[in-house]
Amino acid sequence: MVQFLILFTIVFLCVRTPLTKPFVSGRHKMSFFIAMMILCVLAALRGTVVGNDTLIYKELYETCRDTADLGPRYEIGYIYINYFLNKVTNNPQFLFIVSSCFIYFSFGRFIWRYSELPWLSFVFFFLLAFDHTLNILRQCIAIGILFFSFDFINKRRFIPFAICVVAASLFHTTAILFIVSWFLPLIKIDLKVVSLYIIGAIASYFLFANLLEVAFRYFAMYEYYSGGDYFDGNTRLASIVQVITSSIITIFCLYPYFKHSTLEWRNSEKGKIYKVLCHLQLISFFITVLCLKVNLLDRIALYFSIYSFVLIPNAVFLLPLKKRKVLSFWIILFFLTFNSYVYINKPDWNRIYPYEFFWNNKK
């Protein structure tokens, strides 16, 4: 817990920009870059005890020294990245350094490009996504690629969009599901559409067995999970928390769209981007409800929920300045308190703290 608070204090002091106002100078851009670099270095230089799967990825890297044929368990793109990096050095830390540089460049670029309040987005990135970058390496690489695909959604350039989605699926097969986002600009956001998302989520919950059978036909490589704890039939605390959190984020982000946005703004480029982000959050909510059946589906929900660290600040930006300050404070306090509780009482959810650098690994 002490390390968590120290880390948060460092990045908070590093960026000296008001949370509720856009960046206006080169100094702010440099501060943002430094803040992202701090987290990138921590991700790149982590030891094998940091992150649930770090040790597994280290061992896989060592296996790829002599062969790129590891069967269907891992995606071909990820295997070959390991194989080619081994040609440079057989030190597994090189994988974490290279992957972290790409992931944080992509995440930072997305924040800077699409967030109305980049510093507030950085805070939410730290609170909502930082632990993922130290845990689920393959999926974070895939998400990093998908961030580039987002550029082509509103521009309606399908070929580069599809190329990005396919490339992401080479690192995590389920990334191909992000293809549905291509159609989101064509769907308006109103109470009827929101109701359809909710009804669809409830119906899918009760028809889950049939949907799962269909899913395994297309993603057979993940069927081996079906005999594990993810399918034990019990409703997990983590899944309940995810549904509650997703519901709060969804309501919070829809409210200013309905109450504080004008028709002119909704038809603008920023308004259209906000609409797509809201759809992504609604899809995330839909999938999160299904997590009550199978906790593993939170990995799929992440492709859509990850955008919340930009959507939430953009929702705040739609509010009057006084409300921005109050809500920013309470939202940050909520997620900071929640994360602190998880790190203290549920450390097995994400093994991030106590943090150790790779040179502290026990021999």
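The model is predicted, so local features are taken only where pLDDT is at least 70 and side-chain atom pairs only at pLDDT 80 or more, while totals for chains, interfaces and linings use all residues. Residues are numbered from 1 along each chain as its sequence is written, and side-chain values use heavy atoms, with hydrogens and water left out.

Let us start with charged partners. A salt bridge here is a side-chain nitrogen of Lys or Arg within 4 Å of a carboxyl oxygen of Asp or Glu, and the count by this rule is 6. One of them joins Lys 58 to Glu 62, with N and O 2.9 Å apart. Both residues belong to helix α3 (residues 54–63), 4 residues apart, or about one turn of the helix. Helices are DSSP runs of H or I with at least four residues, numbered from the N terminus. In general, an α-helix has 3.6 residues a turn, so residues three or four places apart point the same way.

How open are these side chains? Buried means under 20% relative accessible area, exposed over 50%, and partly exposed in between, using a 1.4 Å probe and protein chains only. Lys 58 is partly exposed at 24%, and Glu 62 is partly exposed at 28%. Glu 62 also has a C-alpha atom 6.8 Å from that of Pro 92, 30 residues away along the chain.

Arg 109 pairs with Asp 151, their closest N and O atoms being 2.3 Å apart. This pair links distant parts of the chain, with Arg 109 in helix α5 (residues 93–114) and Asp 151 in the loop between α8 (137–149) and α9 (158–169), 42 residues apart. Asp 151 is buried, with a relative accessible area of 7%. Glu 116 meets Lys 270 at 3.4 Å between the closest N and O atoms. Here the link runs from the loop between α5 and α6 (118–128), where Glu 116 lies, to helix α14 (residues 269–290), which holds Lys 270, 154 residues apart. Glu 116 is buried at 16%, while Lys 270 is partly exposed at 48%.

Next comes helix α10. Its 16 residues (191–206) reach 23 Å from first C-alpha to last, close to the expected 22 Å, the expected span being 1.5 Å times one less than the number of residues. Which residues of α10 are buried? They are Val 193, Val 194, Tyr 197, Ala 201 and Ser 204. Seen down the axis of α10, the buried residues fall within an arc of 105 degrees, so they line one face of the helix; the arc is that of the directions from the helix axis to the C-beta atoms. The face turned away carries exposed residues, including Leu 191, Leu 196 and Phe 206.

Finally, look at the rings. Rings of Phe, Tyr and Trp (its six-membered ring) pair if their centres lie within 6.5 Å; planes under 30 degrees apart count as stacked, over 60 as edge-to-face and the rest as tilted. The structure holds 36 aromatic pairs. Among them is the stacked pair of Trp 119 and Phe 122, 5.3 Å centre to centre with 20 degrees between the planes. Both Trp 119 and Phe 122 lie in helix α6, 3 residues apart, and both are buried.

Technical notes. Helices (H or I, at least four residues) and strands (E, at least two) are DSSP runs, numbered from the N terminus.
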